[in-house]
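Student: I would like to learn how to read a structure feature by feature, with the cut-offs stated as we go. Could we begin with how exposure is judged?

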Amino acid sequence: MAIRTDKAAKPVGAYVHAKEAGDLVFLSGVGPRHPDTDAIPEGIEAQTHAVFSNVMAILEAADLTMSNVVDIMVFLTDMKNDFQKFNAIYAEYLDGYEATRTTVEVGSLPTPISVEFKIVAKK
């Protein structure tokens, strides 16, 4: 089943926010764009908070919360300068949850953003 919501930024391509497959929900890449304006916040801190806001909106549309998240893949465009700031904010949102995570640096993302998540959650 496809999952869509107006409370998260619109996908920038031909894909849905998330897809349910059995008891798993796979979120498409989630960036920091604002759901109503498509504005991109400035700086890794603001972008990280915005990504989490979009993630939580998509999870809510699937009747899930952060406690359902089992795996997060993080894409950063500047590991050297952004990782520590990103990681501190990430820890705030994941405090008390036991999700696995992989963080990789990429040369660029589809829009001019600094961070994007790929998430798997379990119902």
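Tutor: Let us begin with that term: a residue is called buried under 20% relative accessible area, exposed over 50%, and partly exposed in between, with a 1.4 Å probe and protein chains only. What you see is a predicted model, in which local features need pLDDT of at least 70 and side-chain atom pairs count only at pLDDT 80 or more, while totals for chains, interfaces and linings use all residues. Residues are numbered from 1 along each chain as its sequence is written, and side-chain values use heavy atoms, with hydrogens and water left out. As a case, K123 is partly exposed, with a relative accessible area of 43%.

Student: How many salt bridges does a search of the whole structure find, and which residue forms one with K123?

Tutor: The general idea is that side chains of opposite charge can pair when their charged atoms come close. The criterion here is a side-chain nitrogen of Lys or Arg within 4 Å of a carboxyl oxygen of Asp or Glu, and the search of the whole structure finds four such bridges. K123 pairs with E20, their closest N and O atoms being 3.7 Å apart. Because E20 lies in strand β2 and K123 in the segment after β6, this pair ties together parts that are 103 residues apart in sequence. The names of elements follow DSSP runs, numbered from the N terminus, with helices (H or I) of at least four residues and strands (E) of at least two.

Student: Which residue meets K122 in a salt bridge, and which meets K7?

Tutor: K122 meets D23, at 2.8 Å from N to O. That pair links distant parts of the chain, with K122 in strand β6 and D23 in the loop between β2 and β3 (24-30), 99 residues apart. K122 is partly exposed at a relative accessible area of 38%, and D23 is likewise partly exposed, at 35%. The partner of K7 is E60, at 3.1 Å from N to O. Since K7 lies in the loop between β1 (2-3) and β2 (18-21) and E60 in helix α1, the pair ties together parts that are 53 residues apart in sequence. Here K7 is exposed, with a relative accessible area of 54%, whereas E60 is partly exposed, with 46%.

Student: In what order do the six strands form the sheet?

Tutor: In general, strands of a sheet pair through backbone hydrogen bonds, either parallel or antiparallel. Two strands are taken to pair if DSSP finds at least two bridges between them. In this model the six strands make an open sheet with mixed pairing, in the order β1-β2-β3-β6-β4-β5. The edge strands are β1 and β5, each of which pairs on one side only. Within the sheet, β4 and β6 pair in the antiparallel sense over seven bridges, and V120 in β6 is the bridge partner of D71.

Student: Which strands does α2 touch as it packs on the sheet?

Tutor: Angles run from 0 to 180 degrees between N-to-C directions, with axes as lines fitted to C-alpha atoms, for helices over the stretch in contact, and contact means heavy atoms within 4.5 Å. α1 lies across β1, β2, β3, β4 and β6, running at about 30° to β6. α2 touches β4, β5 and β6, and its direction makes about 160° with that of β5. The buried residues of α2 are D82, F86, I89, Y90 and L94.

Student: How many residues does the largest nonpolar core have?

Tutor: In soluble globular proteins, nonpolar side chains tend to be buried together. A nonpolar core is a set of buried Ala, Val, Leu, Ile, Met, Phe, Trp, Tyr and Cys residues joined through side-chain atoms within 4.5 Å. The largest one has 27 residues, and those with the most contacts inside it are L27, V55, L59, I72, F86, V115 and F117. The elements giving two or more residues to this core are β3, α1, β4, α2 and β6, and α1 gives the most, with seven residues. Leaving aside neighbours within four places in sequence, the contacts of F86 include V74, L76, V115 and F117.
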